[in-house]
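Welcome! Take a moment to look at the sequence and the 3D view below, and then we will walk through some parts together.

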Amino acid sequence: MDLNVFLKETVCLRPSEQSQRQTIELSGLDRISPAILYAVFFYKCNLNSEAENSIERAKRALQKVLVSWNPAAGRFRISDATGKLEIDCNDEGVTMITAVCDSKLEELGKLHEYKPCYEKPVPQLSDADDISKNPLVLVQITRFACGGLSVGVGGSHALFDGSGAFTFLASWAHISSGKDESDLIVPNHSRAAILHAIYSLHSTPSAASIYEQDHIIAIEDLYGIPMQAMASDDRCWENALAKFSQVDPQGGLELITLCINKETVETLKALAIERGKLLKCSTFDVLCAHVWKARVKALLLDPNTNICLQFPVDSRNRFQPPLGENFTANAFVLASVSCLVKELLEEPLHSTIHKIQAAKDIITDEYIKLYAKALESSNKFLPSMRELTIITDWLKFPFNALDFGWGKLSSAALLATPVQETAFLMMNLEESGGFLVRIGIGGQYVHDLISNLNNFNY
């Protein structure tokens with residue numbers, strides 16, 4: 001299906017109050033992937049005559065929220081002194097586009113399933129020769145013929161991690177819906193605590209290259225799979241970042257979304273606890289293990305191949321002293337599990353879950369600081385995505401808080417991401433209590449992957 005989307009207005013929204021200009025030094029956790037991530041949120045409301053007022057209210061609310069979230073209105077630049085990426089908080093603003101579409105939301109079928117036409121309700125930028133000209137946040141509000149709306153959002157991963165981004169969106173929605181601004185937490189954008197830990201003598205690995213960090217499990221595990229070097233410093237990002245607004249799924253790669261009901265997950269959790277004598281088992285634990293097994297089996301890798309599972313763990317409360325829930329920057333550290341293909345496919349589900357839980361326990365204060373320090377080294381890396389499986393947990397993000405005053409969020413879809421093979425675990429807003437798995441995989445493996453993901457015979 002195609003969508004006819006007609007752009008009505010493009011404006012640059014600046015904070016409603018001028019902020020003090022500052023430069024935010026980014027950590028290696030921020031700079032590892034500065035590309036923009038896109039998502040689209042759907043609202044099956046029926047505004048029609050009220051639509052213009054509602055959209056104008058959302059615009060004013062965004063300008064208000066940018067006062068405390070002023071890095072979102074800033075721009076990237078490369079530091080002359082260090083060659084590293086930083087944020088110039090210059091109040092240049094956020095790009096806001098309003099548009100209309102002649103289709104109805106019900107014509108799109110299951111809204112959570114990615115479709116190529118979803119690229120149209122998200123903002124697209126023309127190429128820029130200078131990264132300092134590109135906004136870090138882009139928004140597009142599209143009115144559909146049924147009276148419903150979509151909010152397409154793009155934001156740089158170097159600006160916020162997933163938790164920070166959703167707090168930003170929830171704060172914007174909170175103000176837009178007319179709720180009391182005093183209820184909002186005051187965001188902390190400073191990376192000072194992480195940077196201080198990185199450069200302290202007590203947390204400085206002696207090796208200069210990231211490949212030599214054999215005391216950090218997530219990096220050590222990558223030794224066992226093919227890797228290729230990238231550039232030596234952040235200046236290499238300048239050309240790529242100038243085009244980071246373009247969403248172009250790789251040839252032959254398909255983005256699929258599968259639903260898993262709550263009852264199935266609860267059954268698997270109970271079985272894992274009983275058979276594996278586990279003290280606990282979270283929804284993430286069981287879905288992560290299931291998806292890893294399903295993907296590896298679909299890829300038909302040699303049984304003696306080294307493989308690796310990695311997943312981000314929020315370090316806000318693991319870092320000492322804690323960074324706090326209001327910390328908006330990147331605080332996720334990769335946990336890692338490695339083994340041979342035959343070991344993963346032959347072991348019971350509860351054994352894989354136990355390894356995942358053990359990997360999370362390794363993420364201590366010391367590990368976090370060593371990991372962050374390692375990312376400051378002179379090498380970047382890009383591992384093979386066949387042997388490496390990355391799974392990201394979006395299960396706890398507050399989708400239901402994204403009420404802008406025009407009704408409850410109906411559904412959300414993630415667009416193409418920089419590492420498109422990454423699996424995302426999300427709540428299924430269209431089926432109460434259900435879960436979604438969004439993953440990219442080569443077209444030749446899609447049938448087997450879907451079959452494996454739907455097979456819960458453990």
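The largest nonpolar core holds 67 residues, and Trp292, Phe311 and Ile391 are the ones that touch the most other members. Helix α8 is the top contributor to this core, giving 11 residues. As background, nonpolar side chains tend to be buried together in soluble globular proteins.

**A closer look at Phe311**

- Which residues does Phe311 touch, leaving aside those up to four places away in sequence? The list is Phe284, Cys288, Val333, Leu334, Ala335, Ile356, Ala359, Lys360 and Ile391.
- Ile391 is on that list, and Ile391 is also named with Phe311 and Trp292 for touching the most other members of the largest core.

**The six-stranded sheet**

- You can trace an open sheet of 6 strands in the order β10-β17-β16-β14-β11-β12, with mixed pairing.
- Why is one side of β10 and of β12 left without a neighbour in the sheet? Strands β10 (253-260) and β12 (332-340) stand at the edges and each has a single partner strand, so one side of each has no neighbour there.
- From one strand to the next, the twist averages 25°.
- Strand β11, made of residues 306-314, pairs with β12 in the antiparallel sense over 9 bridges.
- Along that pairing, Val313 stands opposite Val333 in β12, and Cys308 stands opposite Ser338 in β12.
- Strand β11 also runs parallel to β14, and 3 bridges join these two. Here Leu309 is found opposite Thr389 in β14.

**Helices lying across the sheet**

- Helix α8 (residues 283-299) lies across β10, β11, β12, β14 (388-393), β16 (423-428) and β17 (434-442). The helix runs at about 150° to β14.
- Helix α12 (residues 446-453) lies across β10 and β17, and its direction is at about 15° to β10.

**Aromatic pairs**

- How many aromatic pairs does a search of the whole structure find? The search gives 17.
- One of them joins Phe41 and Phe166 in an edge-to-face arrangement, 6.5 Å centre to centre with 90° between the planes.
- Phe41 belongs to strand β3 (residues 36-43) and Phe166 to helix α3 (residues 162-176), so this pair ties together parts that are 125 residues apart in sequence.
- Phe160 and Phe168 form a tilted pair, 5.6 Å centre to centre and 35° between the planes. Phe160 counts as buried at 6% relative accessibility, and Phe168 counts as buried at 3%.
- Ring pairs also link Phe41, Phe166, Trp394, Phe397, Phe399 and Phe424 into a cluster.

**How confident is the prediction?**

- The protein chain has a mean pLDDT of 88, and 88% of its residues reach 70 or more.
- Over residues 228-232 the pLDDT is below 50, and this stretch has 13 contacts in the model beyond near neighbours in sequence.
- Residues 240-250 also stay under 50 in pLDDT, and the model has 32 contacts for them beyond four places in sequence.
- Where pLDDT is low, the predicted coordinates should not be read in detail.

Notes:
Residues are numbered from 1 along each chain as its sequence is written. This is a predicted model: local features need pLDDT of at least 70, side-chain atom pairs count only at pLDDT 80 or more; totals for chains, interfaces and linings use all residues. Side-chain values use heavy atoms; hydrogens and water are left out. Two strands pair if DSSP finds at least two bridges between them. Helices (H or I, at least four residues) and strands (E, at least two) are DSSP runs, numbered from the N terminus. Axes are lines fitted to C-alpha atoms, for helices over the stretch in contact, and angles run from 0 to 180 degrees between N-to-C directions. Contact means heavy atoms within 4.5 Å. pLDDT is the predictor's confidence in each residue, from 0 to 100. A nonpolar core is a set of buried Ala, Val, Leu, Ile, Met, Phe, Trp, Tyr and Cys residues joined through side-chain atoms within 4.5 Å. Buried means under 20% relative accessible area, exposed over 50%, partly exposed in between (1.4 Å probe, protein chains only). Rings of Phe, Tyr and Trp (its six-membered ring) pair if their centres lie within 6.5 Å; planes under 30 degrees apart count as stacked, over 60 as edge-to-face and the rest as tilted.
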